[in-house]
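This briefing collects the sheet, the helix packing and a handful of individual residues, grouped by topic. Please read it alongside the sequence and the coordinates.

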Amino acid sequence: MEGLLAGKTILVMGVANRRSLAWGCAQVMEAHGAKLIYTYQNERLKKSLHKLIGPKAHAIECDVASDQSLAQAFTTIKQEYGKLDGILHAIAYAPKEELTGKVTNTTRAGFAVTLDVSAYSFLAVAKKAAELELLATSASLVTLTYMGATRAIPNYNTMGIAKAALEASVRYLARDLGESGVRVNAISAGAIKTLAVTGIKEHAKLLALSKERTVDQKEVTTKEVGGACTFLMSALASGVTGECLYVDKGVHLI
Ligand SMILES: NC(=O)c1ccc[n+]([C@@H]2O[C@H](COP(=O)([O-])OP(=O)(O)OC[C@H]3O[C@@H](n4cnc5c(N)ncnc54)[C@H](O)[C@@H]3O)[C@@H](O)[C@H]2O)c1
């Protein structure tokens with residue numbers, strides 16, 4: 001198949017269901033010729049993923065909160081696929097109590113797990129892939145962030161702090177992996193109703209306000225996020241690294 005990503009093998013981490021940002025990205029990348037490999041968090045999400053990709057498609061378990069699971073998943077990927085041209089990291093988690101009210105509600109344990117799964121995991125994925133020499137020259141790593149990293153969004157709290165750490169990780173990884181030709185970028189997506197978003201208190205208000213503040217009052221779609229992801233994975237973005245690309249229809253400007 002011809003396309004911007006023809007001949008590229010890309011790992012997609014974080015499809016929970018058809019509303020997932022990762023699924024929008026996967027569909028657009030596939031339409032542009034990418035061969036995709038998927039990981040899922042656990043057995044429950046495996047079932048949900050297979051409903052989308054078909055029961056026979058190959059997907060690998062990877063719980064990013066576990067070093068053992070990460071090591072096992074990436075060793076399997078190395079053995080079965082040899083090299084990757086890209087990794088999409090679309091993973092975040094915070095306990096509900098961290099996404100409610102004041103940031104002073106945070107706890108040591110809640111903060112730790114939020115930062116671990118939502119920020120450290122991107123470093124851990126990059127580290128594993130580099131260690132195993134899994135990344136092809138000119139491979140591209142993409143993660144998903146939100147403007148709660150730079151603005152104090154109601155109820156987003158600890159996740160905003162995790163996204164700030166994630167965005168900083170993008171810049172440090174871009175510097176270090178750039179030496180071997182690997183690019184690292186983030187997409188800051190506009191608010192879209194997904195499973196993850198429903199964990200935020202008053203998420204309906206957040207979604208409505210975001211929609212109202214887009215330049216055309218229409219919410220951004222997962223396919224639009226997928227378009228940006230496809231660009232960042234492609235050779236067209238060979239000069240782009242360490243960047244945070246906003247795909248929110250201008251919400252962060254207004
Ligand atoms: N939906 C939005 O409005 C929005 C906006 C900007 C950024 N994002 C980011 O996009 C990314 C994807 O989220 P989404 O909104 O598509 O929601 P989603 O619920 O569809 O996806 C979140 C994914 O994270 C995975 N995950 C959580 N803990 C994990 C673990 N320990 N190991 C492996 N996987 C784990 C889940 O299995 C799920 O697939 C997240 O980083 C989120 O913060 C979302």
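Contact, as the word is used here, means that heavy atoms lie within 4.5 Å of each other. This is a predicted model, in which local features need pLDDT of at least 70 and side-chain atom pairs count only at pLDDT 80 or more, while totals for chains, interfaces and linings use all residues. Residues are numbered from 1 along each chain as its sequence is written, and side-chain values use heavy atoms, with hydrogens and water left out. Helices (H or I, at least four residues) and strands (E, at least two) are DSSP runs, numbered from the N terminus.

**The sheet**

- Seven strands form an open sheet in the order β3-β2-β1-β4-β5-β6-β7, with parallel pairing, where two strands pair if DSSP finds at least two bridges between them.
- The edges of this sheet are β3 and β7 (244-247), each of which pairs on one side only.
- Direction ignored, neighbouring strands of the sheet are turned against each other by 20° on average.
- Strand β2 (residues 35-40) runs parallel to β3 and is joined to it by three bridges, and Thr-39 stands opposite Ile-60 in β3.

**Strand β4 and its partners**

- In strand β4 (residues 84-89), six of the six residues are buried, and the strand is described as mostly covered; buried means under 20% relative accessible area, exposed means over 50%, and partly exposed lies in between (1.4 Å probe, protein chains only).
- Strand β1 (residues 9-13) pairs with β4 in the parallel sense over four bridges, and the bridge partner of Val-12 in β4 is Leu-88.
- Five bridges join β4 to β5, and these two strands run parallel, with His-89 opposite Thr-143 in β5.

- Two packed helices are described by the angle between their axes and the distance between the axes.
- Axes are lines fitted to C-alpha atoms, for helices over the stretch in contact, and angles run from 0 to 180 degrees between N-to-C directions.
- Helix α4 (residues 108-131) packs with helix α5 (residues 157-178) at an angle of about 15°, and their axes are 8 Å apart.
- The two helices α4 and α5 are therefore roughly parallel to each other, on a scale where angles under 35 degrees count as roughly parallel, over 145 as roughly antiparallel, 65 to 115 as roughly perpendicular and the rest as oblique.
- The crossing in which α4 passes α5 is right-handed; a crossing is right-handed if the near helix is turned clockwise from the far one by less than a right angle, and left-handed if anticlockwise.
- On the α4 side the contact includes Phe-111, Leu-115, Phe-122 and Leu-123, and on the α5 side the residues met include Met-159, Ile-161, Leu-166 and Leu-173.
- By class, the residues in the contact of α4 with α5 divide into 15 nonpolar, four polar and no charged, where Ala, Val, Leu, Ile, Met, Phe, Trp, Tyr, Cys and Pro count as nonpolar, Asp, Glu, Lys and Arg as charged, and the others, Gly among them, as polar.
- Helix α5 also lies across β5 (135-145), β6 (183-189) and β7, running at about 165° to β5.

**Helix α3 against helix α4**

- The axes of helix α3 (residues 67-81) and α4 come within 10 Å and cross at roughly 40°, which makes α3 oblique to α4.
- Leu-70, Ala-71 and Phe-74 of α3 make this contact with Ala-124, Val-125, Lys-128 and Ala-129 of α4, and the residues involved comprise six nonpolar, no polar and one charged.

**Individual residues**

- Most residues other than glycine have a negative phi.
- Asn-155, although not a glycine, has a positive phi of about 70°; Asn-155 is placed in the loop between β5 and α5 and is buried, with a relative accessible area of 9%.
- Gln-217, also not a glycine, has a positive phi of about 60°; Gln-217 lies in the loop between α6 (203-213) and α7 (222-233) and counts as partly exposed at 45% relative accessibility.
- Pro-55 occupies the loop between α2 (43-53) and β3 (59-61) and is exposed, with a relative accessible area of 75%.
- Pro-55 and Lys-211 are 156 residues apart in sequence and, C-alpha to C-alpha, 36 Å apart in space.
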